[in-house]
Amino acid sequence: MKGYRATGMMVSIQGTSIVKGILFLIFCFILLFTITGAIVSLKPEYRITSSTIGNVATNLTGESLIHLLGYENRYFTQALTDSSSKPNYASAVFKAATNMNLDDPRSFLGRELPGFSIFDGKIIVAGEGTNYTNMPVESPPPLEVLLDERQAATQNIEQLERPEDAEALPPPTMTTGDKKVVFIYHTHSYESYLPHLKVGDDPNKAVHPEMNVTKVGEMLGEELQARGIGSQVDTTNMKTYLDQKGYNWNQSYKASGELFVSAMGNNRELTHFIDIHRDSKRKNDTTITINGKEYARIAFVVGTDNPSYEKNVEIAKNLHQLLEKKFPGLSRGILDQGGPGNNGVYNQDKSNNAILIEFGGVDNNFEELRRTSAAVADVFAEYYWQAEKVNATDSSKE
């Protein structure tokens, strides 16, 4: 140690501290250049990108962020509820580092199996009992021979008629009059239900050119009309339409999109658009008992790859919440789908009020589906008239 006296003040300099500081700076520079070199030398697909940061941020919820800020300033934690618990940061770090979610079994194999990405949908709102092990599954394309053979192999068609003991509805207090404001169509019109086909128990054989989801569309149209909502139901045989256009099965949404656009062009009063599908899951996932009666459960699917995504999600959330109040458990929730290998649009780019609804599964029958159609019509009518009231109020303020 060397001492220096200057203007009456003693300054001491520890030689070893200077050496340690210099060595630490050198180490930091070496580490910085090493990390930078490693990142630059990586192949493009392995480099950190904005989407990588986005995925990490997605895994950090607002509540987790508040807990994190709370470590530095306890004031932030006052915004949390008493039931709030500290997040598992170890799990979040593991998920971000490995891209695997312990709560989602698809993440373990999804990047390894070709074609597995079609199951990469995300649950936006989970209904009762809905998780990543029982999400709705899109039906495979039907074989032409199956469609031909199912022409006459039907049964229990009497369930198509409205039951005589069904509750009679009072005349609607509000009505759209002659206006048709809802367009109902069916991209996969051949999707059918096993209880009405003489084909056994094979879910892959639940297809028919006539006895299919278009009947559900007609039911929904009738129920909406009974509640004062004018609707237009398209029952085009999509297999025939695809053949006429020279399209393959993968172009089904392109084909139904043409019907969508044509309907809008022919009727400017259409404001809402519903694409009806049928899930491939079995009865235990797609059926619920409400007040002693069985209903076919529904699920909302929203495409992520279109500019109307947020608006499409908003209408699905509104309908889901209304269903939860009036028919708890009927809705399986809201799921999104998109990205490479998926459609991700579902014609929902054509309107802010376009939704895709899965009505029941392969084991549901038309009796259950009619009850569900009535329930959906109930909440849709409530949503529609409330939205009309809001629009009228906004217009009066302009």
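## First stop: one turn of a helix

Select K239 and D243: because they sit four residues apart in helix α8 (residues 238-245), they are separated by about one helical turn. Helices here are DSSP runs of H or I with at least four residues, strands are E runs of at least two, and both are numbered from the N terminus. The two side chains form a salt bridge, with the closest N and O atoms 2.9 Å apart. The term covers a side-chain nitrogen of Lys or Arg within 4 Å of a carboxyl oxygen of Asp or Glu.

Now colour by accessibility. K239 is buried at 17% relative accessible area, while D243 is partly exposed at 46%. The cut-offs: buried is under 20% relative accessible area, exposed is over 50%, and partly exposed lies in between, using a 1.4 Å probe and protein chains only.

Some housekeeping before moving on. This is a predicted model, where local features need pLDDT of at least 70 and side-chain atom pairs count only at pLDDT 80 or more, though totals for chains, interfaces and linings use all residues. Residues are numbered from 1 along each chain as its sequence is written, and side-chain values use heavy atoms, with hydrogens and water left out.

The salt bridge count comes to 14. Next, pick R370 and E222, whose closest N and O atoms are 3.5 Å apart in a salt bridge. This one links distant parts of the chain: R370 belongs to helix α12 (residues 366-397) and E222 to helix α7 (residues 213-226), 148 residues apart. R370 is buried, at 7% relative accessible area, whereas E222 is partly exposed at 47%.

For another pair, go to K350 and D349, a salt bridge with the closest N and O atoms 3.7 Å apart. K350 is partly exposed at 29%, and D349 is partly exposed too, at 36%.

## Into the core

Select L220, I229 and F359, the residues with the most contacts inside the largest nonpolar core, which has 44 residues. Its largest share, 11 residues, comes from α12. A nonpolar core is a set of buried Ala, Val, Leu, Ile, Met, Phe, Trp, Tyr and Cys residues joined through side-chain atoms within 4.5 Å. In soluble globular proteins, nonpolar side chains tend to be buried together.

Keep I229 selected and show its surroundings. Leaving aside neighbours within four places in sequence, I229 is in contact (heavy atoms within 4.5 Å) with T176, V181, V182, L224, F380, A381, Y384 and W385. Apart from the 44-residue core lies another core of seven residues, among them Y185, F260, A263 and A354.

## A buried serine

Jump to S331 in strand β10 (residues 331-337). Is S331 buried or exposed? It is buried, with a relative accessible area of 0%. The side chain of S331 reaches the backbone nitrogen of G333 at 3.1 Å. Beyond its neighbours within four places in sequence, S331 touches G127, E128, R297, I298, F300, H320, L323 and E324.

N291 lies in the loop between β7 (287-290) and β8 (293-296) and is exposed, at 77% relative accessibility.

Then try Y346, also not a glycine, with a positive phi of about 55°. Y346 is in the loop between β10 and β11 (354-359), and at 6% relative accessibility it is buried.

## Zoom out and check confidence

Show the whole chain: 12 helices and 11 strands, with buried residues making up 40% of the 398 residues. Of the contacts between residues at least 6 apart in sequence, 76% join residues at least 24 apart.

Finally, colour by pLDDT, the predictor's confidence in each residue from 0 to 100. The chain averages 79, and 67% of the residues score at least 70. Where is confidence lowest, and where is it highest? Strand β1 (residues 2-6) is lowest at a mean of 47, and strand β4 (residues 182-185) is highest at 98. Over residues 1-6 the pLDDT is below 50, and this stretch has 10 contacts in the model beyond near neighbours in sequence. Residues 111-119 are also below 50, with 13 such contacts.

How values were computed: Polar contact = N/O pair within 3.5 Å; in protein donor to acceptor, adjacent residues only side chain to side chain.
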